[in-house]
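Dear colleague,

Please find below the structure for your review. A short account of the findings follows it.

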Amino acid sequence: MTDQTAPWWTAATAYQIYPRSFQDSNGDGIGDIPGIISRLNHLSDLGVGFVWLSPVFASPMADNGYDISDYRDIAPEFGTLDDMDRLIAEAKGRNIGIVMDLVVNHTSDEHAWFHAACESRDNPMRDFYIWRDPGPDGGLPNDIQSNFGGPAWTFHEPTGQYYFHLFDPKQPDLNWENPRVRAEVYAMMNWWFDRGVAGFRMDVIDLIGKEPDRGITADGPKLHDYLQEMHQETLAHRDVVTVGECWSATPENALLYCGRDRNELSMVFQFSHVMAGWDETLGKWTRKPVALPVLKHSLARWQEVCAEDGWNSLFWGNHDLPRAVSKYGDDSPEHRVDSARCLATALHLMKGTPYIYQGEEIGMTNVVFERIDQFRDVETLNFHRIQTAQGLSTEDFLAGANLNGRDNARTPMQWSDAEHAGFTTGTPWIEVNPNYRQINVASDRASQDSVMARYKALATLRRNDDLIRIGDFVPFDLDHPQIMAYARRLGSQQITVICNLSSQSVTYDVPQDLRLSGVCAFTGRIIDVASQETLAPWEDIVVTG
Ligand code: GLC
Ligand code: CA
């Protein structure tokens, strides 16, 4: 049973591709668009409804493509515009939409707009960016810090002013107060829509309303004016999906973005469950285990917020985060498969659009790098410089980077046990995780009990069953330290989900409302959920009735 009136993306499972690390087609060690095309069958086999493709635009790659020098061209190492058109068409032929990454908080400093802006103070494009005179002491205009470490201001010698950048100095922030900037962005979006893209994931979009002079960066006063204008100029009347990356989103302001009548976005990525695992002062560079109840309360709160209005995104990982199984599961050989499957179940049966980050579908793990020169990520390298200068030992820094650094997600996709995991015939731009001989797509494909088989089953359920798609979410025992339990309900139908998210077995007193006689959603076997159930480590019980 599927409700025909709801948007298509509410029945879809999304998949994120980080192009540099997905599949290389020409042996230069860098993933590319022809490589992606050659792997589309993997995605249709998984049951993916749309792909969020991290940036493939022209870029000097200071931040692996999140620094764009031409929004209407493709980086040569990734391919050509023809390749991109072919990807869109080939994906469409498999009922897969391609969602591009809209990186418009900033451009590259090698974008033509920035070159023009640097020419002189009265260049017509000067105001495309944010410039300020030195402060009264001749130094920085103020003390706003960049997310990649160091001041958010860089001095431009020839014109005697500072420009503003919330990320690397090579990523100058666009000035959204300038209507010409906004018009350029909307025109570019429409240009891509006309080429057939299915939507946009919007990079740090909650930063575009910044007011640096007042110290406001995220969630600025004009943010929602801009998003509504953008909707009006680009999204209205198009059947597309949008998801805004919003680190500042809270349960209180979520519906401002994705409420039905707001005319802004389809959904946001919010990060409260991610930041629950970050240290208050040292951030993500130090270990802070997240207790399961904290995680569950956070997820449940978002389910509650979007129960009647709005829509949730569901994710454990992305290209900026550690691997799901290493962060939330148990990546030891004994528990890796079970924990990856159990995490998938727990997440994908909630209400919202689930996002699989490449490799998550086979339970890829964090990588352990022993030397700083194995890392490639600009953020990691910057913070290494900054924190070791402040006295931290490289060894301690590496421990944090191995836990939470962004390169964990960026080691190449593990396709097979062939050399370099089948990712490339050349030398990969970043080392392949040495565990590829055990963990790879080919071996998962061969097994019915694999992590991949579970992801596939979950995508099928969502596509075909309104209960999974729009059923009410009802959580139980949020304070239980090992069990995540909930029901989804639609009319007289219920699905009971009980997951042991721990490496110890547990005997669970099942609440009355979760006891059900029905069919196991994965095996089709008849199951009676009793008043007490003993679950092995990372075991789940999923019954519909
Ligand atoms: C987002 C991206 C991240 C990038 C940053 C700057 O957080 O996900 O990869 O570095 O924005 O564009
Ligand atoms: Ca290549």
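Of the 13 residues around ligand 1, the nearest are Asp63, Asp203, Glu245, His319 and Asp320; a residue counts as near a molecule or strand if one of its heavy atoms lies within 4 Å of it. This is a predicted model, in which local features need pLDDT of at least 70 and side-chain atom pairs count only at pLDDT 80 or more, while totals for chains, interfaces and linings use all residues. Residues are numbered from 1 along each chain as its sequence is written, chains are lettered from A and ligands numbered from 1 in the order in which they are written, and side-chain values use heavy atoms, with hydrogens and water left out.

The shell around ligand 1 consists of four nonpolar, two polar and seven charged residues. In this division, Ala, Val, Leu, Ile, Met, Phe, Trp, Tyr, Cys and Pro are nonpolar, Asp, Glu, Lys and Arg are charged, and the others, Gly among them, are polar.

Ligand 1 takes up the space of the largest pocket. A pocket is found on a 1 Å grid over the protein atoms alone, as an open set of points where a 1.4 Å probe fits, with protein on both sides within 12 Å along at least five of seven lines. A molecule sits in a pocket if more than half of its atoms lie within 2 Å of its grid points.

**Backbone and burial**

Valine 204 is not a glycine, yet has a positive phi of about 30°. Valine 204 belongs to the loop between strand 9 (199-202) and helix 6 (223-235); helices (H or I, at least four residues) and strands (E, at least two) are DSSP runs numbered from the N terminus. With a relative accessibility of 5%, valine 204 is buried, where buried means under 20% relative accessible area, exposed over 50% and partly exposed in between (1.4 Å probe, protein chains only).

Aspartate 477 likewise has a positive phi, near 45°. Its loop runs between strand 14 (472-476) and strand 15 (483-490), and aspartate 477 is partly exposed at 36%.

**Further positions**

- Aspartate 331, in the loop between helix 10 (324-327) and helix 11 (336-348), is partly exposed at 36%. Its C-alpha is 8.8 Å from that of methionine 364, 33 residues away in sequence.
- Aspartate 540, in strand 21 (residues 540-544), is buried at 16%.
- Asparagine 500, in strand 16 (residues 493-500), is buried at 0%. Its side chain makes a polar contact of 2.8 Å with the side chain of serine 502.
- Serine 38, in helix 1 (residues 33-38), is exposed at 53%.

Kind regards

Terms used. 1 Å grid on protein atoms, 1.4 Å probe; cavity = no way out; pocket = protein on both sides within 12 Å on 5 of 7 lines; lining within 4 Å. Polar contact = N/O pair within 3.5 Å; in protein donor to acceptor, adjacent residues only side chain to side chain.
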